[in-house]
Amino acid sequence: FFIFAYPALTENNLNSILDDSFEGNERIAVDMVKFYSGPNDTGITIFEVIEEKINEKHEGQKIFDDENTYATFFVEPIPPFLEAKNEFTHQVIFRFDAENNESLVYSWFVNIENGEISPIDGDTKNIQQTVDYYD
């Protein structure tokens, strides 16, 4: 008896290289960003758009199989001195690095109490708009 694994099913993806060991409020904040799928909660997620962007940037490469490639989320409560403290509870930053390439960094403010997320910079806003206007 012989089992053949289809290569596309065994390839790594963004999720396979991501350290995703968050708990409690940090887990809630990361999941809010990862699984955000627009104002009507349908369609593509932020995480899927980020993976598409990475694949476009590294077209023709098995970038997620490279041992020098890593991705991580950073989550921190918003410090009291930031104006965003009045509207949001946490800052979530996603960072992707591959050898000899510029990092991709996306950042959001999130409110785990009301489910609101807001992009912090222009690149992140483009990712979120892709999700918001995806058909």
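Analyst: A residue is called buried when its relative accessible area is under 20%, exposed when that area is over 50%, and partly exposed in between, with a 1.4 Å probe and protein chains only. What follows concerns a predicted model, in which local features need pLDDT of at least 70 and side-chain atom pairs count only at pLDDT 80 or more, whereas totals for chains, interfaces and linings use all residues. Residues are numbered from 1 along each chain as its sequence is written, and side-chain values rest on heavy atoms, with hydrogens and water left out.

User: Which residues in helix 5 are buried?

Analyst: Helix 5, which covers residues 122-132, has Thr124, Ile127, Gln128 and Val131 as buried residues. The name helix is given to a DSSP run of H or I with at least four residues, and strand to a run of E with at least two, both numbered from the N terminus.

User: Why does Asp123 count as exposed?

Analyst: Asp123 also lies in helix 5, but its relative accessibility is 51% and the cut-off for exposed is over 50%, so Asp123 counts as exposed.

User: Why is Thr72 called buried?

Analyst: The relative accessible area of Thr72 is 13%, which falls under the limit of 20%, and therefore Thr72 is buried. Thr72 is found in strand 2, residues 70-77, and, once its neighbours within four places in sequence are set aside, its contacts are Leu18, Ile93, Phe94 and Arg95.

User: Which residues in the largest nonpolar core touch the most other members?

Analyst: They are Leu14, Phe94, Phe96 and Trp108, in a core of 31 residues. The elements giving two or more residues to this core are helix 2 (14-17), helix 3 (24-34), helix 4, strand 2, strand 3 (90-97), strand 4 and helix 5, and helix 4 provides the largest share, with five residues. Such a core is a set of buried Ala, Val, Leu, Ile, Met, Phe, Trp, Tyr and Cys residues joined through side-chain atoms within 4.5 Å. Beyond its neighbours within four places in sequence, Leu14 has contacts that include Phe47, Ile50, Ile54, Phe94 and Phe96.

User: How do you know that strand 3 and strand 4 pair, and how many bridges join them?

Analyst: Two strands pair if DSSP finds at least two bridges between them, and seven bridges join strand 3 to strand 4, so these antiparallel strands meet the condition. Ile93 stands opposite Ser107, and Phe94 opposite Tyr106, both partners being in strand 4. The hairpin of these two strands has six residues between them, and in it Asn100 takes a positive phi near 65 degrees. Strand 4 is mostly covered, with seven of its eight residues buried.

User: What can be said of how strand 4 and strand 5 pair?

Analyst: Strand 4 and strand 5 are joined over four bridges in the antiparallel sense, and Val110 has Ile117 of strand 5 as its bridge partner. Four residues lie between the two strands of this hairpin, and Gly115 in the turn has a positive phi of about 80 degrees.

User: Why is one side of strand 1 and of strand 5 left without a neighbour in the sheet?

Analyst: The five strands form an open sheet in the order 1-2-3-4-5, with mixed pairing. Strand 1 (18-19) and strand 5 stand at its edges with a single partner strand each, and so one side of each has no neighbour in the sheet.

User: How many helices and strands are in the protein, and what part of its residues is buried?

Analyst: There are five helices and five strands, which run α-α-β-α-α-β-β-β-β-α from the N terminus on. Buried residues make up 38% of the 135 residues.

Technical notes:
Contact means heavy atoms within 4.5 Å.
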